[in-house]
Amino acid sequence: QVQLVESGGGLVQAGGTLRLSCAATGIIFSSNTMGWYRQAPGKQRELVATITRGYTITVADSVKGRCTISRDNVKNTVYLQMNSLKPEDTAVYYCNSRNSRGRESYDYWGQGTQVTVSS
């Protein structure tokens, strides 16, 4: 069974720092692109950052310069380091694993971890 389990969320003050973790089981972790997405109340889920199996990184403009994504293929874990947090960063953060083969791709999702940034 595929499982993605997020941790590290919580309540922080504006300007603070959090590091989210996502531990994966049931997949060949090193073969998949890993990512972080977030969803604020009443809004659609949006991309935060992704990292491919070749360590190519994509970061959304909204968090560029403040967030760093990384992966550890030994621990089967992907991380999201978030600095200079803003109240606008408040959302549920979801871990994503994508396996792409030609035109076809398959996504797995974690249950999410809440990040709340206070003023």
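**Strand pairing and core contacts in a predicted model**

Me: In this predicted model, how many residues lie between β7 and β8 in their hairpin, and which residue in the turn has a positive phi?
Reply: β7 and β8 form a hairpin with four residues between them. Within the turn, a positive phi of about 55° belongs to Asn-76.

Me: In what sense do β7 and β8 pair, and over how many bridges?
Reply: Strand β7 covers residues 67–72 and strand β8 covers residues 77–82. Within this pair, Arg-71 stands opposite Val-78 of β8. The two strands pair in the antiparallel sense, over six bridges.

Me: Which residues of β7 make up its covered face?
Reply: In a regular strand, side chains alternate between the two faces of the sheet. In β7, Thr-68, Ser-70 and Asp-72 form the uncovered face. The covered face consists of Cys-67, Ile-69 and Arg-71.

Me: In what order do the four strands of the open sheet stand, and which stand at the edges?
Reply: The four strands follow the order β1-β3-β8-β7, with antiparallel pairing. Two of them have a single partner strand each, so one side of each is left without a neighbour in the sheet. The strands at the edges are β1 (3–7) and β7.

Me: Which residue of β3 is the bridge partner of Glu-6?
Reply: β1 and strand β3 (residues 18–25) run antiparallel and are joined by five bridges. The bridge partner of Glu-6 in β3 is Cys-22.

Me: Which element gives the largest share of the largest nonpolar core?
Reply: This core has 28 residues, and those with the most contacts inside it are Trp-36, Val-78, Leu-80, Met-82 and Tyr-93. The elements that give two or more residues to the core include β4 (33–39), β9 (91–101) and β11 (113–118). The largest share, four residues, comes from β3.

Me: Which residues does Met-82 touch, beyond those up to four places away in sequence?
Reply: Met-82 is among the residues with the most contacts inside the largest nonpolar core. With residues up to four places away in sequence not counted, Met-82 touches Gly-16, Thr-17, Leu-18, Leu-20, Arg-66, Cys-67, Tyr-93 and Val-115.

Me: Is Arg-53 buried or exposed?
Reply: Arg-53 is found in the loop between β5 (46–51) and β6 (57–59). Its contacts, residues up to four places away in sequence not being counted, are Ser-30, Ser-31, Asn-32, Thr-33 and Arg-71. The relative accessible area of Arg-53 is 56%, and the cut-off for exposed is over 50%. Arg-53 is therefore exposed.

Me: What distance separates the C-alpha atoms of Arg-53 and Met-34?
Reply: Arg-53 and Met-34 are 19 residues apart along the chain. Their C-alpha atoms are separated by 8.0 Å.

Key
Residues numbered from 1 in each chain as written. Predicted model: local features only at pLDDT ≥ 70, side-chain atom pairs only at ≥ 80, totals over all residues. Heavy atoms only, no water. Buried < 20%, exposed > 50% of the residue type's maximum accessible area, 1.4 Å probe, protein only. Contact = heavy atoms within 4.5 Å. Pairing = 2+ DSSP bridges. Core = buried A, V, L, I, M, F, W, Y, C linked by side-chain atoms within 4.5 Å.
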